[in-house]
Amino acid sequence: MKALLLIAHGSRREASNQEVRDLAQRLEQIAGERFDIVVPAFLELAKPDIPTGVDCCVEVGVTQVIAVPYFLAAGRHVVTDIPEELAKAQRRYPGLDLRQSDYLGQHDAIIGILLALAQESAAQEDSSAA
């Protein structure tokens, strides 16, 4: 079994944390044969934290976890904090295939997404001026 562990920062604003949980649910609905489950986890300020997220995966029989940092830049959290948390989990579950993917902002698709957002905003502005 494979799992996608979607790792976000976490927020004091619960609605923001719920957005990440909702995103994980939507990902799971379309993951198909690629991932059996998608589990949200947070670095800080929200639950479940990363160790609990990994625990949830293991409890249902997952043998491979791909941790995907939902971050836009390679700051301290992406470069140091998340790998440290995943290394702790790996020590707890030495037989688990646990990997970290690149972070969201590193993917080439982000450029198209940013352009699409800007174009949508420009189109809204153009239509309201007409």
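Select L45 first: in this predicted model, L45 sits in the loop between β2 and α2. Its phi is near 70 degrees, a positive value in a residue other than glycine. With a relative accessibility of 43%, L45 counts as partly exposed, because that class lies between the limits of 20% and 50%.

The peptide bond leading from K47 to P48 is cis, with omega near 0 degrees.

Next, display the strands. Four of them, in the order β2-β1-β3-β4, make up an open sheet with parallel pairing. At the edges are β2 (37–42) and β4 (97–100), each of which pairs on one side only. Direction ignored, neighbouring strands of this sheet are turned by 20 degrees against each other on average. In general terms, the strands of a sheet pair through backbone hydrogen bonds, in either a parallel or an antiparallel manner.

Select β1 (residues 2–8) together with β3. These two strands run parallel and are joined by 6 bridges. Within this pairing, pick L6: its bridge partner in β3 is V68.

Turn now to the helices that accompany the sheet. Helix α1, residues 14–30, lies across β1 and β2, and its direction runs at about 165 degrees to β2. Then select helix α3, residues 76–92, which packs on the sheet and touches β1, β3 and β4. The direction of α3 makes about 175 degrees with that of β4.

The last stop is the largest pocket, with a volume of about 310 Å³. To display the lining, select L6, V68, P69, Y70, S101, D102, Y103, L104, H107, A109, I110 and I113. Two elements, β3 (64–69) and α4 (109–129), each give two or more residues to this lining. Which element gives the most to the lining of the largest pocket? That element is α4, with 3 residues.

Colour the lining by residue class to see how it divides: 9 residues are nonpolar, 2 are polar and 1 is charged. Finally, return to L6 and V68, which are bridge partners and are both among the residues that line the largest pocket.

Notes
Residues numbered from 1 in each chain as written. Predicted model: local features only at pLDDT ≥ 70, side-chain atom pairs only at ≥ 80, totals over all residues. Heavy atoms only, no water. 1 Å grid on protein atoms, 1.4 Å probe; cavity = no way out; pocket = protein on both sides within 12 Å on 5 of 7 lines; lining within 4 Å. Points joined across faces, edges and corners; volume = space filled by probe spheres on them. Helix = DSSP H or I, 4+ residues; strand = E, 2+ residues; numbered from the N terminus. Nonpolar A, V, L, I, M, F, W, Y, C, P; charged D, E, K, R; others polar. Pairing = 2+ DSSP bridges. Axes fitted to C-alpha atoms, helices over the stretch in contact; angles between N-to-C directions. Contact = heavy atoms within 4.5 Å. Buried < 20%, exposed > 50% of the residue type's maximum accessible area, 1.4 Å probe, protein only.
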